[in-house]
Amino acid sequence: MMFLFFVLVLLTLAFYWANRARKYWSDRGIPHIPSPVPLLGNFWEIFAFRKSAASVFEDLYYDKKTKDEPVVGINCFHKPAIVIKDPELIKRVLVKDFNNFSDRHVSSDAHSDSLGSNNLFMMRNPEWKEMRSRLSPVFTSGKMRHFFALMMDVAADLEKFLHRESLKADTNSFTTEMKEFCALFTTDVIASCAYGIEAHSMINPNSDFRRNGRNVFDFNFRRALELNSFFFLPELVPLFRFKVFSADTTHFLRSTMNHVMSERERSGTARNDLIDILIAMKNAKQDKEDRIVFQGDVLVAQAGVFFTAGFETSSATMSFALYELAKQPKLQQRLQKEIRQHAEKHGKLTYDNINELEYLNMVIQETLRMYPPLPFLDRIFTPTPDQKNYSLQPFADFALSPGTPVFIPIYSIQRDPKYYADPNTFNPNRFHPDNKDQLHPYTYFAFGTGPHDCIGKRFGLMQAKIGLISILKDYTVEFCDKTAPTMTLEKKALTLQAEGGIYLSVKRQ
């Protein structure tokens, strides 16, 4: 009898909680999209793996009743949240009023996941600001010039790999899954530039670096549930002890990074890479104002996030670009012509002349418009002494409470016909310098924008450019029997991934 009583009490509380969450926006007169499932909010289809995160945000963006509203109320499971769509309001949140939106909603558990909670991507202010300023020297122009030379060494390995694969068939061509193929290259780039290690993924695709990197973005049931929880339902993270890195990958990162750092200190050599920066942070005298102790897992966490984010985003960009170029051979031919003419003019690719490849830059910009690595940006409102609540006027007659999640659906904005004509067609000419005036401000967020933009964007662009040049200067990519004629996104993947992979034929010219 007592058990039944407790069950009834719990059910009553659950009903009250669900009803309160569902009525939150209507009680406040804010345009909103009702939660279709009590307690599960508007993101339930992501957790049920019925739709990709990009598709769910697209549904929210184009909802019939709210599609013209600049601000839309939703429920992030049990929590009221908002989706903002107006470029001017986005500018306020990401740039003008950054101090009130410096933290992401994404979160890990500091008690059980030190590598997850202490990395730059997950950190919150003021620790985030302190860590960002310490890591910024990794990407100075001098460092980037040094990294370019290391990337070119890996590019030479890529060209040898392409040659070996093409010789295996009488037709001088081979079929491969391009995302994994490109990840072999970007993994070796990150291992070399950040840690001074030759991973040799193109010789051994199951090398420690590639195997562990692959596991981070292997969206099986548990992995998909983990990453979705970090972004949308952080309350589940400590309950189920979800972690950004698996136990095996955590062991790999700790053992590898600690070994590399100790060997670097022992030898006294300097390589101008991430490891040197981490060693300097570890050995620097701690100031009283420092909130972070730069030791142990705090350092390993930065190495971990640079490794995973560095290879994943660029390999995705490269593979989506190759897919679209294979789909439109004339565009591919135009880029190949530019690459060859550049080679005839300069003889060799250098840090000083790579940016002369104007069409290549346009191709990458258009790829990132259609396929941003993460389909949304997330923030929470953090009060300051002069801003206890955040007014959304004149966009909405409402003020955000502290901790309210804010989502910006960048995948949908970057494919909105209001801002990009024929948005689902790959058209690099949108980003031609002569068309600059036609681009709408704050409708393009490939690397985020404002103080919280991607710290490694220059690095990522450079490795994607070098990788595409190395492939397309002597090879052509074409559709094959296994190529999907239209792009379908993987439902379990939080980042943008092609369902079933991107299979293309790579043919030597």
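A residue is called buried when its relative accessible area is under 20%, exposed when that area is over 50%, and partly exposed in between, using a 1.4 Å probe and protein chains only. By that definition Ser192 is buried, because its relative accessible area is 11%.

Good morning. The structure before you is a predicted model, in which local features need pLDDT of at least 70, side-chain atom pairs count only at pLDDT 80 or more, and totals for chains, interfaces and linings use all residues. Residues are numbered from 1 along each chain as its sequence is written, and side-chain values use heavy atoms, with hydrogens and water left out.

Let me stay with Ser192. Its place is in helix 8, residues 178-195; helices here are DSSP runs of H or I with at least four residues, strands are runs of E with at least two, and both are numbered from the N terminus. Leaving aside residues up to four places away in sequence, Ser192 touches Leu150, Val154, Ile197 and Arg271, where contact means heavy atoms within 4.5 Å.

Next, helix 13, residues 274-283. Why is helix 13 described as largely enclosed by the rest of the structure? The reason is that seven of its 10 residues are buried. Among them are Leu274, Asp276 and Met281. The cover over these buried residues includes helix 6, helix 8, helix 12 and helix 14.

I turn now to charge. Side chains of opposite charge can pair when their charged atoms come close. A salt bridge is counted when a side-chain nitrogen of Lys or Arg lies within 4 Å of a carboxyl oxygen of Asp or Glu, and by this rule the count comes to 25. In one of them, Glu165 pairs with Lys168, the closest N and O atoms being 2.9 Å apart. Glu165 is buried, at 18% relative accessible area, whereas Lys168 is exposed, at 63%. In another, Arg223 and Glu226 meet at 2.8 Å, N to O. Both lie in helix 10, three residues apart, about one turn of the helix, and both are buried.

A further salt bridge joins Glu356 to Lys345, at 3.7 Å between the closest N and O atoms. Glu356 lies in the loop between helix 15 and helix 16 and Lys345 in helix 15, so the pair ties together parts that are 11 residues apart in sequence. Salt bridges that share partners also join Arg264, Arg271, Asp273 and Asp276 into one network.

Which side chain of opposite charge is nearest to the buried Asp378? It is Arg104, 4.3 Å away, and Asp378 has no salt bridge; in this count Lys and Arg are positive, Asp and Glu are negative, and His and the chain ends are not counted. Asp378 lies in strand 4, residues 377-380. Its side chain reaches the backbone nitrogen of Val106 at 2.9 Å, and the backbone nitrogen of His105 also lies 2.9 Å from a polar atom of that side chain. Apart from residues up to four places away in sequence, the residues that Asp378 touches include Phe231, Val406 and Phe407.

Definitions and conventions
A polar contact is a pair of N or O atoms within 3.5 Å; within protein, one must be able to donate a hydrogen and the other to accept it, and residues adjacent in sequence count only if both atoms are side-chain atoms.
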